[in-house]
Amino acid sequence: MLQRMSGVFIGALFGTIFVVANAHDPLNPAVGIALRVLAVLTFAGLLTLALRAGRRGLPAADDPEAPQTDWFRGKFAFVVGAEAVLLIGGNLALRAAGAPEQTAVAWIALIVGLHFIALMAVWKRRSIAVPGAALTALGVIGLGMAATSAVAWVPFVSGVLSGVALLGGCAYAITHTYRSTARP
């Protein structure tokens, strides 16, 4: 369970970072602050629930979301390595092409989403398909918006909404794990 919860913790942390880093203009400053505070509080709540689930014990062995022993080996390393290359290379290419700076967060959302879709196949966990598809879509939408007069909203669409998708996906995973550890 520790391996699975560490993966969920990483997802929730990055979801929080997406929101905190991107909840700014053109949003009303009060809305931006509220979104940042809500993201941090959500992260704290998810961390607390994950720790409580860890203390309660392991999920039932027949649970399709039961932990694997090798979550972070083999194909996982390949997926993360490819993700790093695509993140860096893609952002350098966008910068060299003169793309607006807002495309960086859209590219990150796209690649992180694709990384979740690849990990779905590696880990055989359908639960990460939804945040993966959401981030992929929000990244594509943001890249499309970058070529329009709505470019200022790319950080909200591809950043804040991606953070919300990650936090929501992590909330689902942690809640599912917490419920599966409930003692009758």
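The model is predicted, with local features needing pLDDT of at least 70, side-chain atom pairs counted only at pLDDT 80 or more, and totals for chains, interfaces and linings using all residues. Residues are numbered from 1 along each chain as its sequence is written, and side-chain values use heavy atoms, leaving out hydrogens and water.

**Helix α3**
- Helices here are DSSP runs (H or I, at least four residues), numbered from the N terminus.
- The 22 residues of α3 (residues 75–96) should span 32 Å at 1.5 Å a residue, and its end C-alpha atoms agree at 31 Å apart; the expected span is 1.5 Å times one less than the number of residues.
- Phe-76, Val-79, Glu-83, Gly-90, Asn-91 and Leu-94 of α3 are buried (under 20% relative accessible area, 1.4 Å probe, protein chains only).
- Those buried residues fall within an arc of 95 degrees seen down the axis of α3, so they line one face of the helix; the arc is that of the directions from the helix axis to the C-beta atoms.
- On the other side, Phe-78, Val-85, Ile-88 and Ala-96 are exposed (over 50%).
- Just after α3, Gly-98 has a positive phi of about 80 degrees.

**The nonpolar patch**
- Phe-9, Ile-10, Leu-13, Phe-14, Ile-17, Leu-47 and Leu-51 make a nonpolar surface patch of about 570 Å².
- Its members have over 30% relative accessible area and no salt bridge, with nonpolar side chains joined within 5 Å.
- Helix α1 supplies the largest share, five residues.
- Leu-13, in helix α1, counts as partly exposed at 31% relative accessibility.

Notes. Helices (H or I, at least four residues) and strands (E, at least two) are DSSP runs, numbered from the N terminus. Patches are made of residues with over 30% relative accessible area and no salt bridge: like charges are joined within 9 Å, nonpolar side chains (Val, Leu, Ile, Met, Phe, Trp, Tyr) within 5 Å. Accessible areas come from the Shrake-Rupley method with a 1.4 Å probe; for residues, only the protein chains shown count as cover. A salt bridge is a side-chain nitrogen of Lys or Arg within 4 Å of a carboxyl oxygen of Asp or Glu.
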